[in-house]
Amino acid sequence: MIWETFIGIEIHAELATKSKIFCSCSTEFGKAPNTNTCPVCIGLPGALPVLNEEVIQLALKAGLALNCKVNYINKMDRKNYFYPDLPRAYQISQFDLPILYDGYVEFEIEDTIERVNINRIHLEEDAGKLIHLEEHTCIDYNRGGVALIELVTEPELKSPKEAFEFVKTIKTIFEYVGVSDCKMEQGSLRFDANISVREKGQKELNTKVEIKNMNSFKEMQKALEKEEKRQIELYEFNEGDKIVQETRRWDSAKGRTVSMRGKEGVHDYRYFPEPDLRPIVISKKNVVDLKKEIPELPNEKLERLLTQFDLNKKETKIVVEDKKLALLFENTVKKGANPQKALNWIVGDLLRLIKTDGGDEDLEIDSSGLAELISIIESGDISLKAGREIFEEMFMKRKKPREIINRRGLIQINSEESLRIIVQKVMEANSKSVADYNAGKKQAITYLMGQVMKETKGQANPKMALQLLERIISNK
Ligand SMILES: [Zn+2]
């Protein structure tokens, strides 16, 4: 049987505002528990919410970058449910009039452009965080009331791999636009997925299952692959009725999804308009002005860089997908570096160093340093090998290349006179190899070159040294 898969994604992104959505508490991450709180965000009776205007602007920017339409009049609603991370027992969210709707995003997968429609983007407040200890559970309300947008796609993604590419694309766009810091390890970006499968040719969709607790893009892809397989197998063994509408949790240690709870229906939440907040009215001018603020988006940047410079597409894509890398690349080129060389350094040595450094993305390399290093290597003052050592030190210790070169004495020996003296010295000390070479054993020159490099501590210009060596031997 041939099976088709349908995946929809929900993304929660914390907006990059300094204060929370309905009060002036700070949103700073990592503060002592319950210090970023006030009567509003811990839900004391009588404390009234006031909407943070910046939240609207950032949400609109996110939606405009994703081709959404704007609901010029929208409103907040109460979503009622009890859970300890939600002190009021209702979350202020949006129900039937989300701020944005009907958008789409395009991304490339295996050289094909895929388009996924976005059903809606709505505003809501984040909940607090439960911390489970051995005998107790603690609650930290610092996160409670942080502004969120929730983005909901249509169930149009056709494979777990596509879902992976989709969330990656959204993250990059949000970073470019500055909507959210997207720090997944701090919970600024979270996602859930729903998935169903059906036999090819069938008209209606089968029961979908929601999956939660996926902490990384890779984990999400794995979880969806497992769930896809589980559902197909159940249908193939005529046990399709075991697939029920429910929420399943991804257990990454065991590599499988586990049933968590039956899925609530919308009516369970008793949504109703939030009486403490006025409807949100957005002006056309506001939207027109914001559209001008949307920066060049990742796919546009990729296209431009590929047209502007003669670059390897795969490597350029890696750089464009990370806003900081893209900025480093462009600034390095602006400072005069050869574009493909700048790209090589970033995709090669820099990414390797970031990885060994524990994946910390805070870049320790500045564009003027990198541009300078590239030009020093091009001038022949240092070898590429020395350049890589210098680059590592620039990354680890934030030093300028010239400073490192001078201190470590890494200047390449390019003077023919100096090299000639060394070459002659090496030949005298290794007369047997010279004789071997002259007797036709041409590989003896490799050994002699090795001796020249040893003698100069690797600082001889290799091309020049080899030419000299060949010339002097042949004359003898
Ligand atoms: Zn507060």
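Which residues of α3 are buried?

**Figure 1. Buried residues of helix α3 in the predicted model.** Phe217, Glu219, Met220, Gln221, Ala223, Leu224, Glu227, Glu228, Gln231, Ile232, Leu234 and Tyr235 are buried in α3. The helix covers residues 217–236, 20 residues in total. From its first C-alpha to its last, α3 reaches 29 Å, close to the 28 Å expected at 1.5 Å a residue.

**Figure 2. Zinc site with four cysteine donors.** The zinc ion has the protein donors Cys23 (SG), Cys25 (SG), Cys38 (SG) and Cys41 (SG), which lie 2.3 to 2.4 Å from the ion. Angles among the four donor atoms run from 101 to 116 degrees, and the site is tetrahedral. Along the chain the donors follow the spacing C-x1-C-x12-C-x2-C. Cys23 and Cys41 both lie in the loop between β1 (3–14) and α1 (53–65), so this pair ties together parts that are 18 residues apart in sequence. Cys23 is buried. Cys25 counts as buried because its relative accessibility is 9%, and Cys41 is buried with a relative accessible area of 7%. A search of the whole structure finds zero disulfides.

**Figure 3. Nonpolar core around Ile9.** The largest nonpolar core has 68 residues. Ile9, Leu66, Ile149, Phe166 and Phe174 are those with the most contacts inside this core. Leaving aside residues up to four places away in sequence, Ile9 touches Leu151, Val152, Thr153, Leu157, Ala163, Phe166, Val167, Phe191, Asp192, Ala193 and Met220. Among these contacts, Met220 is also one of the buried residues of α3. A second, separate core has 36 residues, including Tyr176, Leu305, Leu373 and Ile404.

**Figure 4. Positive phi at Asp111 and Asn238.** Most residues other than glycine have a negative phi. Asp111, in the loop between β6 (100–109) and β7 (112–125), has a positive phi near 65 degrees. With a relative accessible area of 68%, Asp111 is exposed. Asn238 follows α3 and is found in the loop between α3 and β13. Phi of Asn238 is positive, about 55 degrees, although the residue is not a glycine. Asn238 counts as exposed because its relative accessibility is 72%, over the 50% cut-off.

Note on methods: Residues numbered from 1 in each chain as written. Predicted model: local features only at pLDDT ≥ 70, side-chain atom pairs only at ≥ 80, totals over all residues. Heavy atoms only, no water. Core = buried A, V, L, I, M, F, W, Y, C linked by side-chain atoms within 4.5 Å. Buried < 20%, exposed > 50% of the residue type's maximum accessible area, 1.4 Å probe, protein only. Contact = heavy atoms within 4.5 Å. Donors = N, O, S within 2.8 Å, 3.2 Å for Na, K, Ca; no water. Tetrahedral: all angles 85-135°; square planar, octahedral: opposite > 155°, others 65-115°. Helix = DSSP H or I, 4+ residues; strand = E, 2+ residues; numbered from the N terminus. Disulfide = S-S within 2.5 Å. Expected span 1.5 Å × (residues − 1).
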